[in-house]
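Please keep the sequence and the structure in view while reading.

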Amino acid sequence: MAENKTVGGGSLLIAWQLKGKKVLIVGGGEVGAQRIDSLLTTDAHIDLVSPSAGLHPRSKGFLEKYPSRITHIDQEFAFIDGRQTTTAFIDVGTYDMVLTALDDNALSRQIVEVCRAIRVPVNAADIPELCDFYFGGQVRDGPLQIMISTNGNGPRIAALIKDRVKNALTGKEGDALTKVGILRTKLKERAPGVGGDVGRRRMRWMSKLCEQWSLEDFALLNEEAMDQLLDEGWEHNAVPLPVQVVGKRKIGGILEAITTDWVRSLPSFTSFLAGIGFAHIVFRLYQARK
Ligand SMILES: C[C@@]1(CC(=O)O)c2cc3[nH]c(cc4nc(cc5[nH]c(cc(n2)[C@H]1CCC(=O)O)[C@@](C)(CC(=O)O)[C@@H]5CCC(=O)O)C(CC(=O)O)=C4CCC(=O)O)c(CCC(=O)O)c3CC(=O)O
Ligand SMILES: NC(=O)C1=CN([C@@H]2O[C@H](COP(=O)(O)OP(=O)(O)OC[C@H]3O[C@@H](n4cnc5c(N)ncnc54)[C@H](O)[C@@H]3O)[C@@H](O)[C@H]2O)C=CC1
């Protein structure tokens, strides 16, 4: 991979928090359905402006399944001489985000202009140069969220790279992260306060723990084991071995924890054996020459 020398030309990768906020989607076709799918994950409230006749079956399915999370405004968005002519006036300024997914480029452009004028963040599926942000390929497993963006260069390639990233994961990441999230909450309850000495100590301890434990170890944690980890680890400024914590829970746990430790040490053990074998051959050759 080439060294990252980018000092411009990219976009900001952020995890936008939309819980409890309002998002307007105009157009409920194939792309609109994809947008609804992405937004449901965020716990935003969605208003969908799109005539019933043009709804994609997936959009219809979402409307039926999540009536309290999506409001369907069954009408066409339209402007005449720059003025909105919709039956029910849609006040774009009341939304935290606007998305257009229309098969009408001119209308899409007009909606973007209205949003831009009042600085409401907007994405138009058909006009990359006017978007405030782009969507990307997504890999999700519980709290883990990976976005693959090609910055508008190759959307289909983003989807293909997404499949490669998915295949590179173990499937334990989501579970492990959920457990780490609970553990961090417990730790903050035990040692409250923002910043300062306690904040620094908390961060140091969590970083060490994350470096020394594997994702599989974290995935084995339950609440009882978390409390034990905090009692024996945090309170003594130490990082216990996974087997000391998750291994004590049940026999299966011990075996699993020991196995993972053992499997991790396998490569160094194999090199050790190979080293002995090689030394033996060299010694034999030396003897044979004598
Ligand atoms: C700029 C961007 C704006 C935005 O939509 O945010 C944008 C724009 C456009 N896409 C177009 C076409 C296609 N888009 C897809 C698919 C996806 N497009 C997505 C994002 C983005 N698309 C943003 C940039 C993302 C980036 O570069 O990383 C993905 C990743 C995420 C998502 O949409 O949720 C999702 C895959 C998700 C998944 O499968 O996981 C496919 C393939 C398919 O459908 O299978 C095709 C056909 C093949 C191709 O063109 O590659 C066209 C019409 C081009 C034309 O007319 O020729 C435009 C407009 C233009 O380029 O002018
Ligand atoms: N960003 C992306 O990932 C992609 C973008 N595109 C582009 O996105 C656009 C949308 O594509 P699709 O969803 O496949 O089109 P589509 O034809 O399936 O959906 C368009 C939707 O807009 C609705 N609509 C039309 N006029 C309307 C109005 N005045 N008010 C409200 N709703 C209205 C239709 O009823 C329909 O539900 C196209 O311009 C396409 O080029 C296409 C593929 C991928």
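A polar contact is a pair of N or O atoms within 3.5 Å; within protein, one must be able to donate a hydrogen and the other to accept it, and residues adjacent in sequence count only if both atoms are side-chain atoms. This is a predicted model, in which local features need pLDDT of at least 70 and side-chain atom pairs count only at pLDDT 80 or more, while totals for chains, interfaces and linings use all residues. Residues are numbered from 1 along each chain as its sequence is written, and side-chain values use heavy atoms, with hydrogens and water left out.

**Ligand 2**
- A polar backbone atom of Phe77 is 2.8 Å from a nitrogen atom of ligand 2, and a polar backbone atom of Val31 is 2.8 Å from an oxygen atom of the ligand.
- An oxygen atom of ligand 2 also lies 3.4 Å from a polar side-chain atom of Ser50.
- Ligand 2 has 19 residues around it (a heavy atom within 4 Å), and those that come nearest are Gly29, Val31, Gly54, Phe77 and Leu102.

**Helices α1 and α2**
- Helix α1 (residues 30-40) and helix α2 (residues 57-65), each a DSSP run of H or I with at least four residues, have axes that come within 8 Å and cross at roughly 35°.
- In α1, Gly32, Ala33, Gln34, Ile36, Asp37 and Leu40 meet Arg58, Ser59 and Phe62 in α2, where contact means heavy atoms within 4.5 Å.
- α1 also gives the most to the shell around ligand 2, with three residues.

Key. Chains lettered and ligands numbered in written order. Axes fitted to C-alpha atoms, helices over the stretch in contact; angles between N-to-C directions. Helix = DSSP H or I, 4+ residues; strand = E, 2+ residues; numbered from the N terminus.
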